[in-house]
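Here are my notes on the model, point by point. Please read them with the structure open.

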Amino acid sequence: RSSNLQMEESSILRRANCRAKGGAPGFKVAILGAAGGIGQPLAMLMKMNPLVSVLHLYDVVNSPGVTADVSHMDTGAVVRGFLGQQQLESALTGMDLVVIPAGVPRKPGMTRDDLFKINAGIVKTLCEGIAKCCPHAIINLISNPVNSTVPIAAEVFKKAGTFDPKRLLGVTMLDVVRANTFVAEILGLDPREVDVPVVGGHAGVTILPLLSQVKPPCSFTQEEIKYLTDRIQNGGTEVVEAKAGAGSATLSMAYAAAKFADACLRGLRGDAGIVECSFVASQVTELPFFASKVRLGRAGAEEIYPLGPLNEYERVGLEKAKKELAGSIEKGISFIRK
Ligand code: NAI
């Protein structure tokens with residue numbers, strides 16, 4: 001085992017030297033909850049990302065197996081596994097980006113809010129570790145209910161004196177991925193050509209697709225708008241019911257998380273014009289957190305874009321979304337404050 005470690009360290013050094021000679025930059029990425037339904041395919045996708053030089057896979061169970069498996073892929077990133085709370089600090093030290101899909105998923109009949117009790121505590125513990133070991137890392141928070149876990153993370157970081165609102169990003173990318181797919185289906189286009197902004201939050205009516213702002217420009221009938229809005233808002237439930245007790249979206253979520261993490265890494269590298277939707281600390285509405293388009297750069301979410309012109313249907317949706325979001329945000333904040 002120690003010779004394995006030595007070989008691994010020398011391989012990291014070789015790659016660091018290569019970068020110093022002008023090779024591609026590489027970032028250190030940790031996945032917390034890496035042995036889960038999302039974590040495993042996400043680990044595979046991050047191992048395939050050329051921007052990742054070191055990949056840390058942390059979980060409270062089964063991470064050694066996932067690590068051994070993923071580490072055999074002949075791509076650039078060096079993979080290391082970490083098992084259990086006592087290895088959390090080693091998993092986090094030196095990380096540039098931390099992606100968190102740790103926690104329990106929904107079963108049929110459950111709302112994302114039903115997960116609060118278990119996942120709130122998990123997110124709190126993990127964020128305390130981040131505050132201590134990699135306070136400047138960008139965080140991609142996937143664990144549900146995102147509308148509450150992001151405020152929880154913010155409170156933990158505030159308490160620790162490390163809160164940087166630009167670096168805490170709730171992952172709502174799956175809503176955008178679904179919206180692009182469903183809209184492309186209706187328009188008869190390739191989903192890769194479609195861009196649907198989805199704002200608000202990540203649960204039921206808080207998921208607000210702005211169909212009036214779809215690119216390429218297009219128009220929908222009232223029936224299509226209602227069908228698309230309902231399907232995008234309930235996409236998660238569609239998967240939960242189809243899986244019939246075996247969990248929630250994992251493969252499409254891993255894809256969405258990898259796409260979002262890649263955007264964050266390109267931002268960190270200094271690429272211009274990287275814009276994605278994310279649930280962040282925001283002044284776009286009167287609520288302290290809100291999902292909208294953000295520009296990703298070296299400092300994280302460097303610019304938060306306003307919602308743009310909304311039609312009447314979207315304005316009504318926005319009011320509904322804000323009402324529910326306010327309660328979920330408050331629930332997260334008071335979990336830490338009380
Ligand atoms: P899963 O149960 O398959 O995997 C979760 C993993 O987290 C397990 O391997 C478990 O051991 C691990 N874990 C539990 N406690 C931990 C701790 N204290 N530290 C580190 N790891 C821990 O669940 P799945 O399907 O991967 O979902 C994970 C989370 O992602 C759920 O909360 C789910 O609701 C959420 N999710 C979020 C989406 C989004 O769009 N933001 C979409 C789909 C799911």
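What share of the contacts in the protein chain with a separation of 6 or more comes from residues 24 or more positions apart? The share is 70%. Two residues are in contact if their C-beta atoms, placed from the backbone, lie within 7 Å.

1. Ground rules. This is a predicted model: local features need pLDDT of at least 70, side-chain atom pairs count only at pLDDT 80 or more, and totals for chains, interfaces and linings use all residues. Residues are numbered from 1 along each chain as its sequence is written.

2. Overall build. The protein chain has 11 helices and 11 strands. These are DSSP runs, numbered from the N terminus: helices are H or I with at least four residues, strands are E with at least two. The radius of gyration is 20 Å, close to the 20 Å that the globule rule gives for 338 residues, so the chain is as compact as a globular protein of that length. That radius is taken over C-alpha atoms, and the rule is 2.2 Å times the number of residues to the power 0.38. Along the principal axes, the C-alpha atoms fill a box of roughly 65 × 45 × 40 Å. Buried residues make up 48% of the 338. Buried means 20 or more other C-beta atoms within 10 Å of a residue's own; exposed means 12 or fewer; partly exposed is in between; C-beta atoms are placed from the backbone.

3. UniProt (unreviewed entry) places "Lactate/malate dehydrogenase N-terminal" at residues 28-170. That span is 39% helix and 21% strand, with its end C-alpha atoms 19 Å apart. The same record type, again an unreviewed entry in UniProt, puts "Lactate/malate dehydrogenase C-terminal" at residues 172-335. Here the chain is 48% helix and 17% strand, and the end C-alpha atoms are 22 Å apart. UniProt positions follow the numbering used here, feature names are shortened, and annotations may be inferred rather than shown by experiment.

4. Ligand shell. The ligand is surrounded by 33 residues, and the closest are Gly 33, Gly 36, Gly 37, Ala 102 and Asn 144. A residue is near a molecule if its C-beta atom, placed from the backbone, lies within 6 Å of it. Helix α5 gives the largest share of the shell, four residues. By class there are 18 nonpolar, 13 polar and two charged residues. Ala, Val, Leu, Ile, Met, Phe, Trp, Tyr, Cys and Pro count as nonpolar; Asp, Glu, Lys and Arg count as charged; the others, Gly among them, are polar.

5. The annotated active site. UniProt (unreviewed entry) places an "active site" at His 202. His 202 sits in the loop between β7 and β8. With 27 C-beta neighbours inside 10 Å, His 202 counts as buried. Leaving out residues up to four places away in sequence, His 202 touches Val 146, Asn 147, Gly 170, Thr 172, Asp 175, Ile 207, Phe 279 and Ala 291.

6. Backbone checks. Most residues other than glycine have a negative phi, and most peptide bonds are trans. The bond from Asn 144 to Pro 145 is cis, with omega near -5 degrees. Pro 145 is in the loop between β5 (138-141) and α6. The bond from Lys 215 to Pro 216 is also cis, with omega near 0 degrees. Pro 216 lies in the loop between β8 and α8 (222-233). Asn 62 has a positive phi of about 60 degrees although it is not a glycine. Asn 62 is partly exposed, with 16 C-beta neighbours inside 10 Å. Ala 244 has a positive phi near 45 degrees. Ala 244 is exposed, with 9 C-beta neighbours inside 10 Å.

7. Helix α11. This helix (residues 312-337) has 26 residues and reaches 37 Å from its first C-alpha to its last, close to the 38 Å expected at 1.5 Å a residue. The expected span is 1.5 Å times one less than the number of residues. Its buried residues include Gly 317, Leu 325 and Phe 335. Among the elements that cover the buried residues of α11 are α5 (116-133), α6 (146-160) and β10 (289-297).
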